[in-house]
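Me: I am new to reading structures, and I would like to go through one slowly. Could you take me from single residues to the whole chain, giving the general idea before each case?

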Amino acid sequence: MSKGLSLWFACSSILLLTAASISISYNIWLALLLGALCVLNIGWGFIVKARLRRKAESNQPTP
């Protein structure tokens, strides 16, 4: 995974978790929604990383 894409997933996850922690005192349902979105964002990052790694491995010539 490129550094820019890794930085994007890291920063977006931090922003989602920050928003979830702030919203705990205002609305628990919004906090739960933002927490679930953060988990999905982290999971999507792992999926993208695995797909890019698999694609790079399949493009390597075999000896």
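Me: In which helix is the place of isoleucine 28?

Reply: Helices (H or I, at least four residues) and strands (E, at least two) are DSSP runs, numbered from the N terminus. Isoleucine 28 has its place in helix α2, which covers residues 28–58. Before going on, note that this is a predicted model, in which local features need pLDDT of at least 70 and side-chain atom pairs count only at pLDDT 80 or more, while totals for chains, interfaces and linings use all residues. Residues are numbered from 1 along each chain as its sequence is written, and side-chain values use heavy atoms, with hydrogens and water left out.

Me: How should I read the accessibility of isoleucine 28?

Reply: Buried means under 20% relative accessible area, exposed over 50%, and partly exposed in between (1.4 Å probe, protein chains only). Isoleucine 28 has 46% relative accessibility, so it counts as partly exposed.

Me: Is asparagine 41 buried or exposed, and what does asparagine 41 touch?

Reply: Asparagine 41 lies in helix α2 and counts as buried, because its relative accessibility is 15%. Contact means heavy atoms within 4.5 Å, and, not counting residues up to four places away in sequence, asparagine 41 touches Phe9, Ser12, Ser13 and Leu16.

Me: With which residues is leucine 52 in contact?

Reply: Leucine 52 is also found in helix α2, and it is partly exposed, with a relative accessible area of 38%. Leaving aside neighbours within four places in sequence, leucine 52 is in contact with Met1 and Leu5. The C-alpha atoms of leucine 52 and serine 2 are separated by 9.5 Å, although these residues are 50 apart along the chain.

Me: How many disulfides does a search of the whole structure find?

Reply: A disulfide is a covalent bond between the sulfur atoms of two cysteines. The search takes a pair of cysteine sulfur atoms within 2.5 Å as a disulfide, and it finds 0 in the whole structure. Cysteine 11 is in no disulfide, its nearest cysteine sulfur being that of cysteine 38, 12 Å away. Cysteine 11 counts as partly exposed at 37% relative accessibility, whereas cysteine 38 counts as buried at 2%.

Me: How many helices and strands does the chain have, and why is it described as more spread out than a compact globule?

Reply: The secondary structure comes to 2 helices and 0 strands. The radius of gyration is taken over C-alpha atoms, and the globule rule is 2.2 Å times the number of residues to the power 0.38. For the 63 residues here the rule gives 11 Å, and the chain's radius of gyration of 16 Å is well over that, so the chain is more spread out than a compact globule. Along its principal axes the C-alpha trace spans about 60 × 20 × 10 Å, and buried residues make up 19% of the 63 residues.
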